[in-house]
Structure formats: C-alpha cells, structure tokens
Amino acid sequence: MSLSVAELDSLKLALDGLQQRIQHELRSHRPQNGQVDSGAGDDVVADSLSHDALAQYLHEHHEWQALQRARARLAENISDICSECGGPIPYARLQAEPTAERCVACQSALETKEQRLHLHGHVSL
Ligand SMILES: [Zn+2]
C-alpha cells in the first residue's frame with residue numbers, strides 16, 4: 001500500500017461520487033417513478049423502453065458491484081494492489097478509474113482473453 005492519505009481521501013471521494021451517480025441513475029430509470037402516461041396503443045413503445053431500462057439497470061448493477069468491491073478494497077488498504085498479480089496499480093490509473101482492480105498489464109491481458117473467448121469460444125474446446 002503506497003497511497004498517501006490525500007490520495008486515499010480523493011479515491012474515497014471519487015467512489016462516493018460514483019455511488020451517487022449510480023443511485024441517481026437507478027432512481028431516474030425506475031419506471032414507477034416516472035409519470036405513467038399510458039395512453040392506448042403504446043404497447044410497442046413501452047416494451048422497447050423497458051428493454052432499455054433493463055439494459056441500463058444491468059449495466060449499472062455491474063458498475064454497482066465494481067463499486068462495492070472497490071470500497072472493500074479501500075477498507076482493506078489494497079486499492080493499489082492488483083487483484084491478479086499483486087503488483088502495484090499506479091495512482092493515476094485509480095484516478096481515471098476508481099474501481100480498477102487490476103494493473104494495466106493484467107487488465108489488458110484479461111480483455112484480450114475475453115475478446116478471444118468471445119470470438120472463438122464456440123469453436124475451440
Ligand atoms: Zn497485475
């Protein structure tokens with residue numbers, strides 16, 4: 001753990017900001033909070049809207065989980081430790097992406113692997 005107190009504070013602030021943004025977005029996308037203005041014959045529109053809302057929700061759920069993991073990592077003082085190789089995560093990377101869990105090398109290796117799995121997963125193995 002090589003982050004200064006000031007760096008930890010600003011990382012915590014960044015996570016707080018992220019949490020507020022996600023909570024705000026979840027609230028604003030929740031259908032029952034909107035003005036339900038359902039005239040007749042809106043079925044198709046309503047359907048596509050709820051698909052969008054669901055996709056949005058799942059995306060934010062993923063973000064939410066990343067946020068909770070980042071908070072746990074912060075609490076354990078391992079925010080700047082790569083969860084993959086145990087190497088250091090540069091503070092600049094955490095500033096850009098407060099929920100980052102891996103160093104740049106491990107993250108790009110993971111993304112390359114996922115891309116390969118996505119492209120060839122149904123062919124190989
Ligand atoms: Zn790593």
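Student: What does contact mean here?
Tutor: Two residues are in contact when they have heavy atoms within 4.5 Å. The model is predicted, so local features need pLDDT of at least 70, side-chain atom pairs count only at pLDDT 80 or more, and totals for chains, interfaces and linings use all residues. Residues are numbered from 1 along each chain, and side-chain values use heavy atoms, with hydrogens and water left out. The cut-off asked for is 4.5 Å.

Student: Is I89 buried or exposed?
Tutor: Buried means under 20% relative accessible area, exposed over 50%, and partly exposed in between (1.4 Å probe, protein chains only). I89 has 3% relative accessibility, so this residue counts as buried.

Student: Which residues does I89 touch, leaving aside its neighbours within four places in sequence?
Tutor: I89 sits in the loop between α2 and α3. Helices here are DSSP runs (H or I, at least four residues), numbered from the N terminus. The contacts of I89 are R73, S79, D80, I81, C82, L94, A100, E101, R102 and C103.

Student: Which residues are the protein donors of the zinc ion?
Tutor: Donors are N, O and S atoms within 2.8 Å of the metal (3.2 Å for Na, K and Ca); water is not among the atoms, so sites may look incomplete. Here the SG atoms lie 2.3 Å from the zinc ion. They belong to C82, C85, C103 and C106.

Student: What arrangement do the four donor atoms make?
Tutor: Four donors count as tetrahedral if all angles lie between 85 and 135 degrees. Around the zinc ion the angles are 104 to 115 degrees, so the arrangement is tetrahedral.

Technical notes
Tetrahedral: all angles 85-135°; square planar, octahedral: opposite > 155°, others 65-115°. Helix = DSSP H or I, 4+ residues; strand = E, 2+ residues; numbered from the N terminus.
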